[in-house]
Amino acid sequence: MNRFAISLLFSGAFLGGLTSALAQNPQRGAVQDQEFVIRKDRVLTVPTQPRSFERLPVLPQPKGMEDFNYAITPYFLSIPALKLQPTPVQKDYRQPKLDLYPGFVRAGYGNFASPLLEGRYMSTTADPLNYAVRFKHQSFGKGPVEKYGESSPESHTVFGGDVSYFLDRAEVFGGLSWGQDKYSFYGTDLSLYEDPLWDPINPLIQNNVQNNVQFSAGIRDIEKVGPFGYEAKISYRSFKDSYLARENEVGVQGLGKFKPTDDWSGKVGLSYFSTATEDLNYDLNRTYFAIRPEVSYNYESFRFTAGLNIVSENDSLPEKESDFRIFPVLKASYQFADEFGFYGEFSGDVDRNTYFSFVRENPFLGPSTQLLNTVNNYKIAGGIEGQFQEAFHYRAGIDVSRFNNMHFFVNSIADSARFELVYDDKTTVVNLNAELGMKFSDVYTLGSRLDLYQYDLSTQTEAWHRPVWALSINNQVKPFEKLLLQANLTFMGGIKARGDVSAAAIFPPDIEVVNLKTIADLQLKADFKITDRISIFAEGNNLTNGKNMRWLNYPVRGVQLIGGASFKF
């Protein structure tokens, strides 16, 4: 037995005896007598183990345990350090350069011996001084009445110019124009043409040439997005005709705007006009002064406006209490969504009328007894509006207004070819209106409006020469870049005129009410661009050849065609 086995056996025996002694005597730490026997003659034998001389095969090592060696080749490059140099972004805000032509000329000719000549010339540079001049003439040597006299000719000529000088923050502007309109009083009672006793050698057709000169000058701010804005203008206008009508007017107008926040805004308008008018039956010096303060508030989709119309005018009327009037202005709108919203208004004002404004409305106006402004005591309006996908928009509403001195045109008793002004003391007008518009890119555009009117009069029998309903439909088609087409329809009906009046001194006059036919007018226009400079155009009016009569005894021209060309330079 080797020494290792003997030592191991001896140690085991010693530990076994010690453990037995501790178990018999639970008192730890106590020393007791013990006896150990060591026998040297005892031999331990171990069975013989057969030896194997065969080598075990070497198993393959898994690849995950193999050693990997990476060959790294150093490269030494001379690279300088990166230097950053920040610079501001340079953005060109200039618009792309376009071929702008300062000059434009258009000329044409049509039936009814109607030449057309139009031109303009304007500056196209961004100099501080900008200017533009314009000229247009169109005449009709023949008219709808060709049986006698001068065949009811008509002509229109205008020449004018505008100039602006731009300072750092303001624009000084001005304009001057001269216009001439020539009409014929061809509206003699049509029954006279069939009367064999009527003398055709001396027909009751006379020409009336109306001239006007207008001048204006002012200043306004350029920055439209600032908290304050302003505009001030003075004006002068002179008018006269071939008879006794004369009118000179001086005006001063001002407008101040302020916007302290995005939600609040306001403005104050001021206007003063002094008008000197004379005619056969009057020589008047009329003044009109108005102050219009107004403030608006926006909250999300809600908008509210409140203000006043303070007006003073010196028209002479019997039992007139005062020249001074104050009217409230209240407006509100709310847009629920793009597709639907509503609006409302309650307001009043004094509508300023002049002889020039009347003759613009009815060019066959003759002498009248007086000129009066129209007082709009109140206006109550409301409706709905919206749009769909920015392609369709609509608007529908109702308007109820109360007027004093509402004007109407009636044929004169002395001469049926001339009209005179009459007024109604108290008039209530109810207007139902609707608008519809469509736009599909630049190819097709539609705009239409329908108006229905109802008049409640106090002193006049009918609403003379005012329509009961009116409809307009305007279409524009651009099938390709060089061609532009327009088709416009206008309808107007329910017009009543005052016919013969028995002017017997003893008996009250008997008034004949004449119902005029419905007006239907179809207009077509075409413009074709041959080059960027040259275009040709064609235009047709009253293509239905309707015997339209807006004013009693004044039929309009039939089918009227005109064509020509335009040139840019």
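Which residues does Pro-128 touch, not counting residues up to four places away in sequence? Pro-128 touches Ser-164, Tyr-165 and Phe-166, where contact means heavy atoms within 4.5 Å. The model is predicted, so local features need pLDDT of at least 70 and side-chain atom pairs pLDDT 80 or more, while totals for chains, interfaces and linings use all residues. Residues are numbered from 1 along each chain as its sequence is written, and side-chain values use heavy atoms, leaving out hydrogens and water.

Pro-128 is found in the loop between strand E2 (114-122) and E3; strands (E, at least two residues) and helices (H or I, at least four) are DSSP runs, numbered from the N terminus. With a relative accessible area of 42%, Pro-128 is partly exposed; buried means under 20%, exposed over 50%, and partly exposed in between (1.4 Å probe, protein chains only).

Across the whole structure, a search finds 22 aromatic pairs. Among them, Tyr-121 and Phe-569 are stacked, at 6.1 Å centre to centre and 25° between the planes. Rings of Phe, Tyr and Trp (its six-membered ring) pair if their centres lie within 6.5 Å; planes under 30 degrees apart count as stacked, over 60 as edge-to-face and the rest as tilted. Tyr-121 lies in strand E2 and Phe-569 in the segment after E24, so the pair ties together parts 448 residues apart in sequence. Phe-239 and Tyr-355 have ring centres 5.9 Å apart and planes at 40°, so this pair is tilted. Phe-239 is in strand E7 (residues 228-240) and Tyr-355 in helix H2, 116 residues apart. Phe-239 is buried at 3% relative accessible area, and Tyr-355 is buried at 4%.
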